[in-house]
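Here are some notes to read beside the structure. Each numbered point takes up one topic.

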Amino acid sequence: MRHAVAVIAGIVLALLALASLLPLLETDAWWVRYLDFPRLQFAAAIVLAWIVMVAMGGIGHGATRWMTVLAIAALAYHGWRLWPYQPLAAKMDPGEASCAPEERLSVLVANVQRSNRQEEEVIALAREENPDLFFVMETNEWWDEALGALDADYEHHVQDIPSDATYYGMHVFSRHPFDSAQMRYPFGADTPLFDGVLAHPSGKLRVFGVHPRPPQLGQPSTLRDATVLEAAMGARDGVLPAVIAGDFNATPWERTARRALRLGRLIDPRAGRGPMPSFDANSWWMKWPLDQILWQQGLAMANFEVLGGIGSDHYPVRADLCFTVNADQRIETADDGDLAEAQATFEKARALPDAAMDG
């Protein structure tokens, strides 16, 4: 019986290790890219399976040794990917900025979940947090009507609810005017990308709001990757400091997210502070950070936090930034192949048939 349990644990260990290492493949296949999300869970499960296998006497001297080597390889890969988002890693922004209220920019992101009907929680969140910019994701006609209660609080408001992709409506509320504001659909995607220039009293700012489709059955990660990279390249090529905010449907340690960080010269507040999951609010163990707020130099962090629940499967996230230069910020430089990889992703996105966007 003990040997049978050890064999089962060994098989589970092998499958977990294989699933952990598959994302090394340069592919947009949904089932491979989805494996990027639960890295923390995979790492914990690998350790548990190895302990059970060894505690039950192993599965034979040679096989146990090779299973141990495989487990170490998978854990090393997880560690490499997850390390920047652990508290012992270096922070990209020390988070010690201090400024007068008129020099501060507060950004709040909330994926409200289309089926959620706790609109009073969302309205209360907006009024209690009182952000300068409030990005609301996954809105539809019902939420458009419910969010009308905020029209008196925010003079400036841009929205788009796609007719087909109704899980990807986006509302952007601002206390400051926009010099320009549009919802774009890059690469023929059916999910909007907000692109605007905010006229803040302390200076103009390029602002992007993103909520691409996630990798899932019949839906490769191509458009998601292209959308995130499009925002990063817009930030990189602009003359104004930029903020990119939204539900990325990608974890910060995923290859495209890391590439976007480097290409856009962006700062991630989670670096050196921990994963700080924002999804799934309804699960105690399947959690990872999807909702993100990134910025460029010229802005410095006073605070970043994941807030309490609002009836959605996502937790809101908030960043408080100052219009100031911080010499202690750490920017990751682009790798030699980053630009070429981004361009290749754009070409693949442009080549997608319409049918690939409807799933």
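1. Pro 252 sits in the loop between strand E8 (242-247) and H8; helices (H or I, at least four residues) and strands (E, at least two) are DSSP runs, numbered from the N terminus. The model is a predicted one, in which local features need pLDDT of at least 70 and side-chain atom pairs count only at pLDDT 80 or more, while totals for chains, interfaces and linings use all residues. Residues are numbered from 1 along each chain as its sequence is written, and side-chain values use heavy atoms, with hydrogens and water left out.

2. Is Pro 252 buried or exposed? Its relative accessibility is 2%, so Pro 252 counts as buried. Buried means under 20% relative accessible area, exposed over 50%, and partly exposed in between (1.4 Å probe, protein chains only). Not counting residues up to four places away in sequence, Pro 252 touches Tyr 85, Ala 257, Arg 258, Asp 268, Arg 270, Pro 289 and Gln 292; contact means heavy atoms within 4.5 Å. Between the C-alpha atoms of Pro 252 and Met 286 there are 16 Å, and the two residues are 34 apart along the chain.

3. Pro 162 is another proline to look at, in the loop between strand E3 (156-160) and strand E4 (169-174). Pro 162 counts as buried because its relative accessibility is 6%. Leaving aside neighbours within four places in sequence, its contacts are Tyr 168, Gly 169, Tyr 185, Asp 190 and Pro 192.

4. Which residues lie nearest the centre of the largest pocket? They are Tyr 168, Pro 214, Gln 216, Asn 249 and Phe 279, out of 20 lining residues. The space in this pocket is about 360 Å³. On a 1 Å grid over the protein atoms alone, a pocket is an open set of points with protein on both sides within 12 Å along at least five of seven lines, whereas a cavity is a set of points where a 1.4 Å probe fits but cannot get out; lining residues have an atom within 4 Å of a point. Grid points are joined across faces, edges and corners, and a volume is the space filled by probe spheres set on the points. The lining of the largest pocket has nine nonpolar, seven polar and four charged residues. Here Ala, Val, Leu, Ile, Met, Phe, Trp, Tyr, Cys and Pro count as nonpolar, Asp, Glu, Lys and Arg as charged, and the others, Gly among them, as polar.

5. The second largest pocket has a volume of about 280 Å³. Its lining has seven charged and five nonpolar residues, and no polar ones. Among the lining residues are Arg 255, Arg 258, Arg 259 and Arg 262, as well as Trp 80 and Asp 335. Helix H8 (255-263) and helix H4 (61-82) each supply at least two residues, and the largest share, four residues, comes from H8.

6. The second largest cavity has a volume of about 50 Å³. Its lining includes Asp 190, Pro 212, Arg 213 and Arg 224. By class, three lining residues are nonpolar, two polar and three charged.

7. The largest nonpolar core has 62 residues, and Leu 105, Leu 133, Phe 135, Phe 194, Ile 293 and Trp 295 have the most contacts inside it. Helix H7 (residues 222-237) gives the most to this core, with eight residues. A nonpolar core is a set of buried Ala, Val, Leu, Ile, Met, Phe, Trp, Tyr and Cys residues joined through side-chain atoms within 4.5 Å.

8. Cys 99 and Cys 322 form a disulfide, with their sulfur atoms 2.1 Å apart; the rule is a pair of cysteine sulfur atoms within 2.5 Å. The torsion about their S-S bond is about -75°, so the disulfide is left-handed. The pair links distant parts of the chain, 223 residues apart: Cys 99 is in the loop between H4 and strand E1 (104-111), and Cys 322 is in strand E11 (residues 317-322). Both cysteines, Cys 99 and Cys 322, are buried.

9. Some backbone details remain. The peptide bond from Phe 279 to Asp 280 is cis, with omega near 5°. Glu 138, in strand E2, has a positive phi, near 65°, and is not a glycine.
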